[in-house]
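Thank you all for making the time this morning.

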Amino acid sequence: MTHPRFLRSVRNAAAVLSLSVLVLTGCSANPPSTSADGPERTLLTIPREDMGTFVQNFNPFSPTVAPMTQQAIYESMLIYNPADGTTTPWLATEWEVAEDGKSIVFTLRDGVTWSDGEPFVGEDVVNTFDLQREILGGYDYLDTVTADGNTVTFTFTTPFSPALFEVGQQIIVPEHVWSAIEDPSRETNAVPVGTGPYTEVAQFQAQSFVLEKNPNYWQPEKQQIEGIRMLAFAGNDGANLAAVNGDVDWAPQFMPNIEETFISKDPENRDYWFPPTGAMINWQLNTAKAPFDDVDVRKALSMAVNREQVTSIGMTGYTEPADCTGLSGAYENWKSDEVLADCDWTEYNVDAANALLDEAGYAKGADGMRTMEDGSPFAFDISVGSASSDWLSVANVISQNLADVGITATVDAPDWATVVSGYELGEFDTGIVWSNAAPTPYQYFRGMMGTSTVEAVGEKTFENYHRYGSEEAEQLLTDFAASSDEAEQGEIVNQLQEVYSENAPAVPLFPGPEWGAYTDVNFEGWPTEENPYATLSVRAPTTVLLLTSLKPASAE
Amino acid sequence: MRFILRRLGFYFIAFWACITLNFMLPRFMPGDPVSRMFARSQDRMQPEQIDQLRRLFGVDDRPIWEQYINYIGDVLTGQMGVSISRFPTPVTEVIASQIGWTILLGGVSLIIAAVVGNLLGILAAWRRGGLVDSGLPPLLIFIGSFPYFWLAMAALYLFGVVLGWFPLRHAFTSGLEPGFTGEYLLDVAHHLVLPALTIVLVSIGGWMLGMRNTMIATNAEDYIIMAEAKGLKPGRIMFRYAARNAMLPAVTSFGMSLGFVVGGALLTEVVFAYPGVGYQLLAAVQGLDYPLMQGLFLTITAAVLIANFLVDILYVRLDPRVRTS
């Protein structure tokens, strides 16, 4: 009896997603009902869409940590905001990068205390980096970390300027608490001690918990909300229903057709903002394989893609087409005007694509389909994980576009794990892939065309799946890492964009949007396009800026 | 006694086969937990951290037979290890924290569906051609053939969103202190109505139809005519003579369903955001969380086998033919 039901449920799980749209559009006919907590909500209520239940794990080094740990409980020395490109000093008031790029000195803020009343000191920072490297790794370039009074000095084995943001945005944990913990990697840290605005865990339950004010916060005037309540949802649908119904204040999850489903129910108070500051989403071509090793083929394929269609159909208009710098909206200030002025290979142009392919020797046969040099058909797969319905339709749009230039591209959509294992080993034709995102474009270009990230086919790699390396780019990346002068860095990034635009290591599609919607019925002071002091993400370093800016709606 | 021993032997072999399958199946899936976590986090994780995470989670690189021997040992000693998708929480704790809700939801709806469904089946067969017999089965089968999640969403929309009679999510109102207070129990019951209702609606038709059909067969037996001839009250004949003999298949299905209750009702849990192991199992499969998957499969296996064993024993009591054969 129950047995077939179980099988059926697994099969139908995917259908739930599409059906939710139906239910949600149905909802829009009704006025929003008052929330379950009553009309006067004092706790900022946020849904978490991918955790059916919570586990009381506030260990910031754990990859499966409870939400808001790294945003509300612990803080970092500085905060970089990709929406406007500014850096806000946080636990550090200032920093000094050495001339040779091999060290940085941070000056810590005076008067910061942990939520248990102990003062925040340099030793905390030193200990945090020991723990981070021991448990999660990374920071391979870091040589020593030393504290002296209220300054902390980081030295590097090689000049590495992107370190400022990596080190600066590392969240800091208290040494006096963590030094007593025997196995920090397995610690659940049920009662966390942090410097953040909301550190006191209350009412921890399987499907909700509350974070209350840190009694010793260093900016008490900014703790204007009483606390944060997190709600657990096993999927977007439940979280979307809660948002549509007005039961939550903030909706950071993906919502289909947001104007209809969410905004239209209370246009006065509800709004959304999807800045294109996420990672660039690329159509990656396996450059270790023919014909994708030919730059003309890559550019021709890129011109055959109608990015307007990709973003409007595939991404429901939530983002914008990419340009030939390959940089997402997070790097707006880095974009080179010269490269932008000369963007031909990212513009939709079927004639040019056809001409380029003809020229490269992939002539059309009698049936109008192109063939390879050996006479076999010009056909390949586009791999994408079946769970990402939006990217799946992106792949389908590309496949249709390519039919117009005589190329057969089959969309291959198994489970993400299968897709990614193909990417990692280089055993794929093409795929829709994310890219590295960091405050500077260094990591992005390194993963896109640095020779140091290229592995042979069959060797596992976790970036540069498309296996493209350029000596010129690698040299520029090394120069960038060695430079601490902003003007010089800008010049190097301009050159990197030239190399990128010339070689088309991947086909950039669109910058990933940073979802975020909210209602200001209970709280106000949300970031907007006009006032982009943070993004609407609940998992970004900028989230704490939002938490310290929101205030109850009644407090005019 | 010999019967029970023989059954025990059979269950032992079934158990071994099940736990071996539980071990093999997840390992046929491509990738490993860390790649999956990386794929899901996309740009949020650094590539440099992957090896470290493998070490942290203790992803096994040993030969498969060595892992198997180890696994059998762990199963027998009740050690299920640490969940990867819920790291560093032990698997037993993850399961223990949610299985209560699963059993509550699954158990309540199973009991209601079985009891009401069987009673309706008895009535329908007893009054053949009556209103219950001609009207209900088509209606219930009609409802039962709806996609499960559709019914759940329709109920959620109608009774939760439009009418506002029932809460939209979770097992109890967030912030309410769990405890044996009237307020809390009422709140839990209030939250249970919609999810349980949809499961009952979907499964009740099967119970009713099954009971009705066997009942019709028993109604034609000579001993029923005999009982009628003796002038016994119709109610007594219906329940003590006909229904009692028609009950055996229903007991079997009930035992089977009882075992599967611990597997959770995935879609109900997802639609109503109800806590339970169904979603946990889906998440474990998607995240290739071997320890949690094994733990959940083991729990389900054990529950199904135990339920079956209980039914077997019950059969000895209910059906004399089993005893003699």
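Predicted model: local features only at pLDDT ≥ 70, side-chain atom pairs only at ≥ 80, totals over all residues.

**Helix packing, core and chain contact**

Let me start with one pair of helices in chain B, where H5(B) packs against helix H6 (residues 131-144) at an angle of about 135°, the two axes lying 7 Å apart.

On the H5(B) side the contact is made by Leu120(B), Leu123(B) and Ala124(B), which meet Val132(B), Asp133(B), Leu136(B) and Pro137(B) of H6(B). Sorted by class, the residues of this contact are six nonpolar, no polar and one charged.

H5(B) has another partner in H13(B), and here the packing angle is again given as about 135°, with the axes 8 Å apart, so that H5(B) and H13(B) are likewise oblique to each other. The residues that meet are Val94(B), Ile95(B), Gln98(B), Ile99(B) and Thr102(B) from H5(B), and Val277(B), Gly278(B) and Gln280(B) from H13(B). This contact divides into four nonpolar and four polar residues, with no charged ones.

Now to the nonpolar core. What is the size of the largest nonpolar core, and which residues have the most contacts inside it? It has 239 residues, and those with the most contacts inside it are Ile228(A), Val394(A), Ile398(A) and Ile432(A) from chain A, together with Ala152(B) and Leu296(B) from chain B. The largest share of this core, 15 residues, comes from H5(B), which runs over residues 91-126.

The axes of H7(B) (residues 148-162) and H8(B) (residues 182-219) come within 10 Å and cross at roughly 140°, which makes H7(B) oblique to H8(B), and the crossing is right-handed.

Turning to how the two chains meet, 63 residues of chain B are in contact with 61 residues of chain A. Several helices of chain B give two or more residues to this side, among them H5, H7, H8 and helix H11 (248-261), and the largest share, seven residues, comes from H7(B). By class, this side of chain B has 35 nonpolar, 21 polar and seven charged residues.

As for chain B as a whole, its secondary structure comes to 15 helices and zero strands, and buried residues make up 41% of its 325 residues. The C-alpha trace of chain B spans about 85 × 60 × 40 Å along its principal axes.

Finally, a helix in chain A: is H13(A) enclosed or open? Seven of the 10 residues of H13(A) (residues 416-425) are buried, so this helix is largely enclosed by the rest of the structure. Among the buried ones are Trp416(A), Tyr423(A) and Glu424(A), and H13(A) is followed by Gly426(A), whose phi is positive, near 75°.

Note on methods. Residues numbered from 1 in each chain as written. Chains lettered and ligands numbered in written order. Core = buried A, V, L, I, M, F, W, Y, C linked by C-beta atoms within 7 Å. Buried ≥ 20, exposed ≤ 12 C-beta atoms within 10 Å, placed from the backbone. Helix = DSSP H or I, 4+ residues; strand = E, 2+ residues; numbered from the N terminus. Axes fitted to C-alpha atoms, helices over the stretch in contact; angles between N-to-C directions. Parallel < 35°, antiparallel > 145°, perpendicular 65-115°, else oblique. Left-handed = near helix turned anticlockwise from the far one by under 90°. Contact = placed C-beta atoms within 7 Å. Nonpolar A, V, L, I, M, F, W, Y, C, P; charged D, E, K, R; others polar.
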